[in-house]
Amino acid sequence: MNTDGTIPGSPRTGRADALTDVHGLRVGHAQRTDGGWLTGTTVVLAPEGGAVAAVDVRGGGPGTRETDALDPRNLVQRVDAIVLTGGSAFGLDSASGVAEWLEERGRGFRVGPDPSQVVPVVPAAALFDLGRGGDWKARPGAALGREATEAAAGSERGAPVAQGSVGAGTGAVAGGLKGGIGSASVVLPSGITVAALAAVNAVGSVVDPRTGVLYGEIYGPSAEGGPHRPGEAEHAEALRRLAMARAESERRQAASVRPPLNTTLAVVATDATLTRAQAQKLAGTAHDGLARAVRPVHLLSDGDTVFALATAGHPLVPEDGEEGTDPAFGVHRESGALNEVLAAGADVLTRAVVKAVLAAERVDGPGGVFPAYRELYGAKG
């Protein structure tokens with residue numbers, strides 16, 4: 001045991017164990033939960049000057065905005081915000097409120113001689129939560145996007161991230177269980193921080209149906225004590241209660257039958273200095289972490305989307321002159337450092353999914369009954 005209480009060789013989390021451990025990133029949520037509403041928006045605000053950004057979309061039914069701008073072949077180099085939102089395609093309107101807030105502060109892609117002449121590029125992705133509060137037309141718009149942005153801007157640097165049934169996770173459901181927002185981070189031996197934030201809203205399950213164990217906990221750090229393993233009787237009772245909740249939800253939704261459309265959204269970030277192509281690789285490999293925690297994943301009725309952000313505060317390889325005269329040495333060294341970041345991105349996304357499910361709270365409303373994992377299993381959380 002180390003002097004700080006950790007197990008030798010175990011990952012070290014950032015101070016907040018959240019996306020905000022990446023220096024300069026702020027997170028804000030806005031949500032509505034009354035009068036037929038059960039939805040919200042989450043904004044990840046980059047530092048002044050923006051962050052290198054990329055995206056990897058693998059779900060078969062995505063709802064996105066300005067993701068093409070993140071292609072490394074295209075013009076825009078940095079973005080000032082990423083938006084995750086409920087409301088399906090309608091909820092993408094929330095990004096307009098974010099763009100307006102940025103424009104008012106002269107933040108965006110410069111298109112004219114005046115500093116105020118900017119066009120903020122605000123990539124966004126939406127998850128399906130329509131009708132879960134009871135009102136099909138209760139969905140985020142520009143006002144909610146602005147509210148979430150102001151919440152992010154008003155937070156302290158490195159502040160804890162609210163998790164569970166907040167922001168884009170307010171109306172989220174995962175395999176019949178209440179989903180939500182989760183976030184996690186790790187500090188690599190090099191000093192580079194890698195972190196993730198997920199809005200978990202999946203068609204697939206986050207729970208092994210044979211045991212009740214959260215899939216993602218199987219891959220958790222040993223320092224966290226391993227997965228919660230329910231007893232057989234506890235698991236059988238949980239399955240019975242979950243089946244009852246699903247039946248009741250179907251009854252309440254009978255007047256407007258809808259397909260099981262979902263989507264899990266995530267942002268993976270690092271303070272490492274990455275190119276746009278490297279950031280895109282990070283977004284892609286982070287999907288491995290999602291696949292560990294949700295089964296099945298990337299279905300036609302999901303829109304699973306992972307954004308990557310790099311704030312460029314920490315070089316991948318220190319300039320210490322060790323490369324000598326062999327250029328290949330430097331290339332291999334950088335590749336090894338990048339591999340560590342890529343692997344960490346998948347790991348923190350898995351942990352973020354677990355934290356989202358453990359922090360989620362039961363919903364029992366006109367749009368359905370969605371029990372929480374902790375309610376069914378009494379797990380740690």
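This is a predicted model: local features need pLDDT of at least 70, side-chain atom pairs count only at pLDDT 80 or more; totals for chains, interfaces and linings use all residues.
Okay, let's begin on the inside. The largest nonpolar core has 49 residues, and Val 194, Val 206 and Leu 316 touch the most other members. Several elements give two or more residues to this core, including strand E3 (51-57), strand E13 (193-200) and helix H5 (276-293). Which element gives the most? That's H6, with 13 residues. As a general point, nonpolar side chains in soluble globular proteins tend to be buried together.

Now, the outside. Leu 75, Phe 109, Val 111 and Val 119 make up a nonpolar surface patch, with about 370 Å² of accessible area together. Leu 75 sits in the loop between strands E4 (63-65) and E5 (78-79). Is Leu 75 buried or exposed? It counts as exposed, because its relative accessibility is 60%.

Last, charges. The whole structure has 15 salt bridges. One of them joins Arg 58 and Asp 56, with the closest N and O atoms 2.8 Å apart. Here Arg 58 is partly exposed at 37% relative accessibility, while Asp 56, at 16%, counts as buried. Another pairs Asp 364 with Arg 362, at 3.5 Å from N to O. And Glu 104, Arg 105, Arg 146 and Glu 150 are linked up in a salt-bridge network.

Technical notes
Residues are numbered from 1 along each chain as its sequence is written. Side-chain values use heavy atoms; hydrogens and water are left out. Patches are made of residues with over 30% relative accessible area and no salt bridge: like charges are joined within 9 Å, nonpolar side chains (Val, Leu, Ile, Met, Phe, Trp, Tyr) within 5 Å. Accessible areas come from the Shrake-Rupley method with a 1.4 Å probe; for residues, only the protein chains shown count as cover. A salt bridge is a side-chain nitrogen of Lys or Arg within 4 Å of a carboxyl oxygen of Asp or Glu. Helices (H or I, at least four residues) and strands (E, at least two) are DSSP runs, numbered from the N terminus. Buried means under 20% relative accessible area, exposed over 50%, partly exposed in between (1.4 Å probe, protein chains only). A nonpolar core is a set of buried Ala, Val, Leu, Ile, Met, Phe, Trp, Tyr and Cys residues joined through side-chain atoms within 4.5 Å.
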